[in-house]
Amino acid sequence: MVTIKNPFVVGSYISPEYFCGRKHETQLLVKHVENGRNVAMIAPRRLGKTGLIWHFLQLPEIKSQYYTLFVDLYSTSSLPEMVRSLAMEVYRNLQSNTERWWERFATVISSLNMNIAADPITGTPSLSIGLGQIKSPEVTLDQIFKYLETADRPCIVAIDEFQQIANYKEKNVEAMLRTRIQQCSNTHFIYSGSKRHMMVQMFNSPSRPFYQSCINMSLDTLPVEEYISFAQRMFETQDKKVKREVVEKVYSDFEGVTWYMQMMMNELFAMTGRGETCNMDYYQIALENVVFSQKQIYDEIFSVMPHKQKMLLEAIAREGKVLQVTSGAFVRKHSLLSASSVQSSLKGLLEKDIVTQTDGGYQLYDYFMAYYLNKRC
Ligand SMILES: Nc1ncnc2c1ncn2[C@@H]1O[C@H](COP(=O)(O)OP(=O)(O)OP(=O)(O)O)[C@@H](O)[C@H]1O
Ligand SMILES: [Mg+2]
């Protein structure tokens, strides 16, 4: 078991001890994969898609039966970059017990012209792939899939921020990938992404190559009681306590969205000494501390934002949720220029993922940013 200073993890997945619930969703992933179904995980931002995938991939029954791969496409903008990420991940995770296994890797993925030699001291070779080495990405992709398909165990490839492939400069990536994936029988795929609209289009629109190619899986907020028990248990691991009402307020203020809750609980935990109980007096200070820690990021975002978008953003932050941003009443109340200028600013804010549309109307994605804007203006 890994022991860490603060059990409220706000970055990458650490281990099951610090992960709250998601038993049903994890078992659902096991069931889908064991029954040969590929999965598309589509859920709002910051709820815990990536965390859930890591949690699933580390299960003993999965690790012992499959080679598990995780590729994050967030920062990729072209096919060669995707191919490189995949090749590196295959190399890191498909290291079999056979002697000089890497020679097979270099032989099968011949298009990369790799020259892998074992480190004279450790015996294991290390690999780096320059983008310039990927001269024919489609050929390399075929070879990677061949390597996966002929592995001595089935493979699970989780591709995070999958919607990114729709933005690649090459135009046929979706269809090209779909064709290859369709031919796989030894390899299972889990796709997930944070851009809901794009993911829904990719998987649920009949004109798109990935239409009906997998099971859709959504993710809800963690149940409130489960999160309260988890939070209290985490405090107790280090001889601290937290009042139930504090966790309830965190849950309700951040509408159960995991990352925001974890950020708050992480700060509340840090503020509470051993043997102490965290009560409501800590709440406001914790909130200000967290918002302050994000200030530089927000200031950078605002510094490059067109003036009209800033005006609209402040107006939405003040209201919390707005059903009709182009309504005369809203435009007048916040002295915005006109319905048409609001419309174009809204488009920009939605594209940048700063504003989102939910059943309750338009709101800022980031609860801390909304608080910061309200305090500032
Ligand atoms: N079940 C959980 N228990 C505890 N912490 C969690 C849980 N799920 C996610 N987290 C934490 O919450 C944060 C957000 O989770 P994660 O990054 O998985 O969300 P996401 O849906 O992938 O977000 P994005 O849409 O931005 O990619 C992470 O810091 C993660 O460690
Ligand atoms: Mg994610």
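A residue counts as near a molecule if its C-beta atom, placed from the backbone, lies within 6 Å of it. In this predicted model, local features need pLDDT of at least 70 and side-chain atom pairs pLDDT 80 or more, while totals for chains, interfaces and linings use all residues. Residues are numbered from 1 along each chain as its sequence is written, and chains are lettered from A and ligands numbered from 1 in the order in which they are written.

Ligand 1 is surrounded by 20 residues. The closest are C20, G48, T50, G51 and S194. Helices α2 (49-57) and α11 (258-271) each give at least two residues to this shell; helices are DSSP runs (H or I, at least four residues), numbered from the N terminus. Domain 1 (22-217) and domain 2 (224-294) each contribute at least three, with bounds from an automatic or database domain assignment. The shell comprises 8 nonpolar, 8 polar and 4 charged residues. Here Ala, Val, Leu, Ile, Met, Phe, Trp, Tyr, Cys and Pro are nonpolar, Asp, Glu, Lys and Arg charged, and the others, Gly among them, polar.

Helix α11 also packs against helix α10 (residues 244-253). Their axes lie 9 Å apart, at an angle of about 150 degrees. Axes are lines fitted to C-alpha atoms over the stretch in contact, and angles run from 0 to 180 degrees between N-to-C directions. The two helices α10 and α11 are therefore roughly antiparallel (angles over 145 degrees). V246, V250 and Y251 of α10 meet M261, M264, M265 and L268 of α11; contact requires C-beta atoms, placed from the backbone, within 7 Å. This contact has 7 nonpolar, no polar and no charged residues.

Notes
Angles under 35 degrees count as roughly parallel, over 145 as roughly antiparallel, 65 to 115 as roughly perpendicular and the rest as oblique. Two residues are in contact if their C-beta atoms, placed from the backbone, lie within 7 Å.
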